[in-house]
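Subject: A structure to look through

Dear colleague,

Here is the structure I promised to hand over to you. Please open it beside this message and follow along as you read.

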Amino acid sequence: MSAEDIHQIEEALDEDEREMLFFLCRDVAADVSAFNVRDLLDSLMERGKLNDMGLAELLYRVRRFDLLKRILKMDKRTVEAHLLTHPHLVSDYRVLMTEIGEHLDKSDMSSLIFLMKDYMGRGKTAKDKSFLDLVMELEKLNLVAPDQLELLEKCLKNIHRIDLKTKIQKYKQSAQGAETSYVNGLQASLPNLSLKDPSPYNSGMFQNGRSKGQRLMVRDPGIQREPVKTSVQESGAFLPRPLPEDRYRMQSKPLGICLILDCIGNDTDALRKTFTSLGFEVWSFSLLTMEDMIHHLCQVAYRTHHQDKDSFVCVLVSRGGSQGLLGVDRTHAGLPLDQIRRMFRGDACPSLLGKPKVFFIQNYETAEVQLEDSSLLEVDGRGASSMDAKAWQPAPCTVHPEADFFWSLCRADVSLLEQYPTLSSRYLQCLSQKLQQERRRPLVDLHLELNSSVHDWNLGVPEKEKYHVSLQHTLRKKLFLSCK
């Protein structure tokens with residue numbers, strides 16, 4: 001590994017990735033004095049603590065697969081295979097903490113920091129701390145350690161993140177059965193992996209926890225299951241441990257409704273063709289006002305359209321702020337993204353309970369916009385939802401209402417549309433291509449490849465023309481967006 005390679009890695013990492021890298025290396029770099037990534041890596045290599053595979057693991061942990069490929073000439077599957085059979089440079093505890101941090105939003109962190117005041121004192125709990133900063137402060141006070149996570153569990157439970165509390169419990173169970181402190185925890189630490197069960201197709205964007213004693217997937221009509229062979233203990237109850245090949249049922253004809261709301265108007269035709277070919281009933285609308293968007297969302301969310309279908313897909317393309325979308329009438333307040341998601345929760349849309357709800361969102365970000373008062377959606381939704389409740393009563397189950405979401409959000413600068421008015425989204429182009437060519441691959445795996453393609457695109461364009469993709473999900477099984 002040359003000094004030039006290390007320099008390239010430092011230049012390519014953003015601030016969050018650098019913070020994560022320093023945190024991951026705290027155990028192996030306790031005696032290393034370094035103020036930047038370059039010095040850290042160089043010092044570790046000089047002391048014989050970091051070889052090529054160790055560096056590959058670090059890049060893998062921060063999900064910079066593009067740097068793996070470009071600098072180390074490796075792909076992520078090579079690293080995964082190595083981690084399955086060799087000791088890890090990074091402890092499972094460090095990986096666990098970074099994974100939890102990635103799934104806490106600003107509201108979660110605000111609540112968590114407030115709760116920690118009782119233990120750390122008010123001077124130690126600045127509002128702008130990241131989760132990893134908070135963990136390091138707790139470590140200094142001997143309040144958190146690899147074998148001392150009860151405080152963190154308690155606080156996660158208090159902010160209703162039972163999914164993350166369960167993740168800690170699984171780590172503790174795994175550590176108890178290990179002979180060394182470096183357990184082979186690959187299944188618990190790969191990108192987008194389980195935050196609730198052993199399946200690698202579950203992530204914690206939403207508060208998808210469950211109370212003690214509740215059981216997951218009881219009489220769930222939306223899941224096709226294989227015979228159970230083993231069990232694990234979780235939150236005080238023994239639950240079936242599904243086999244890796246378990247997947248969502250995708251056999252209805254059509255597979256479900258695909259709602260396309262394209263307020264820009266450049267991607268509707270390609271998206272309609274893609275999802276029609278996958279077996280969806282496509283409802284597409286272009287150049288919508290905010291009132292039109294709300295109408296179509298309510299029409300789909302609060303009716304019984306989904307009761308005989310196995311899934312739902314929604315594609316949204318619009319200008320907007322960081323937290324909401326605008327229609328073509330940009331004088332109107334923005335529609336909050338989290339309000340859109342709530343419309344399709346299992347309790348608001350019972351005919352989708354236990355079924356995958358997939359969202360692909362292209363947001364061309366402009367100046368921060370005022371968000372719409374959600375009362376408009378709630379008023380419309382209550383009447384429709386009440387009507388639905390009489391017409392559709394799903395089989396009893398204990399699936400959490402925010403389970404089974406797949407939420408892919410791509411941000412780009414609105415200046416792209418000003419410079420290229422007829423531009424098609426690079427993100428949606430890659431999505432359509434991969435869905436048509438690789439429909440037999442699980443959606444989470446396919447999305448990782450999509451993210452890699454967008455990364456490659458960003459390397460060759462100016463900052464204003466880059467796309468920024470994020471994925472958060474609460475899928476509990478593998479999802480294939482095709483019945484074929």
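How do helix 7 and helix 9 lie to each other? Before the answer, please keep in mind that this is a predicted model, in which local features need pLDDT of at least 70 and side-chain atom pairs count only at pLDDT 80 or more, while totals for chains, interfaces and linings use all residues. Residues are numbered from 1 along each chain as its sequence is written, and side-chain values use heavy atoms, with hydrogens and water left out.

Helix 7 and helix 9 (residues 131–140) pack at an angle of about 135 degrees, and their axes are 9 Å apart; the axes are lines fitted to C-alpha atoms, for helices over the stretch in contact, and angles run from 0 to 180 degrees between N-to-C directions. The two helices are therefore oblique to each other, given that angles under 35 degrees count as roughly parallel, over 145 as roughly antiparallel, 65 to 115 as roughly perpendicular and the rest as oblique. Tyr93, Arg94, Met97, Thr98, Ile100 and Gly101 of helix 7 make the contact with Phe131, Leu132, Val135 and Glu139 of helix 9, where contact means heavy atoms within 4.5 Å. The residues of this contact divide into 6 nonpolar, 2 polar and 2 charged (Ala, Val, Leu, Ile, Met, Phe, Trp, Tyr, Cys and Pro count as nonpolar, Asp, Glu, Lys and Arg as charged, and the others, Gly among them, as polar).

For the chain as a whole, there are 18 helices and 12 strands; helices (H or I, at least four residues) and strands (E, at least two) are DSSP runs, numbered from the N terminus. Buried residues make up 54% of the 484 residues, where buried means under 20% relative accessible area, exposed over 50% and partly exposed in between (1.4 Å probe, protein chains only).

Helix 4 (residues 52–61) is mostly covered, with 8 of its 10 residues buried, among them Gly54, Leu55 and Tyr60. Its buried residues pack against several other helices, including helix 1 (3–12), helix 5 (65–71) and helix 7 (92–102).

Glu153, in helix 10 (residues 150–158), is buried, with a relative accessible area of 8%. Its side chain makes a polar contact with the side chain of Lys172 (2.6 Å); a polar contact is a pair of N or O atoms within 3.5 Å, and within protein one must be able to donate a hydrogen and the other to accept it, while residues adjacent in sequence count only if both atoms are side-chain atoms.

Turning to the strands, strand 7 (residues 311–320) has 9 of its 10 residues buried, so it is largely enclosed by the rest of the structure. Strand 5 (residues 256–262) runs parallel to strand 7 and is joined to it by 7 bridges, with Leu259 partnered by Cys314 of strand 7; two strands pair if DSSP finds at least two bridges between them. Strand 7 is also parallel to strand 10 (residues 357–365), through 9 bridges, and here Ser318 stands opposite Asn363. Strand 10 is itself mostly covered, with 8 of its 9 residues buried, and 9 bridges join it to the parallel strand 11 (residues 405–413), where Phe406 is the bridge partner of Val358.

With best wishes
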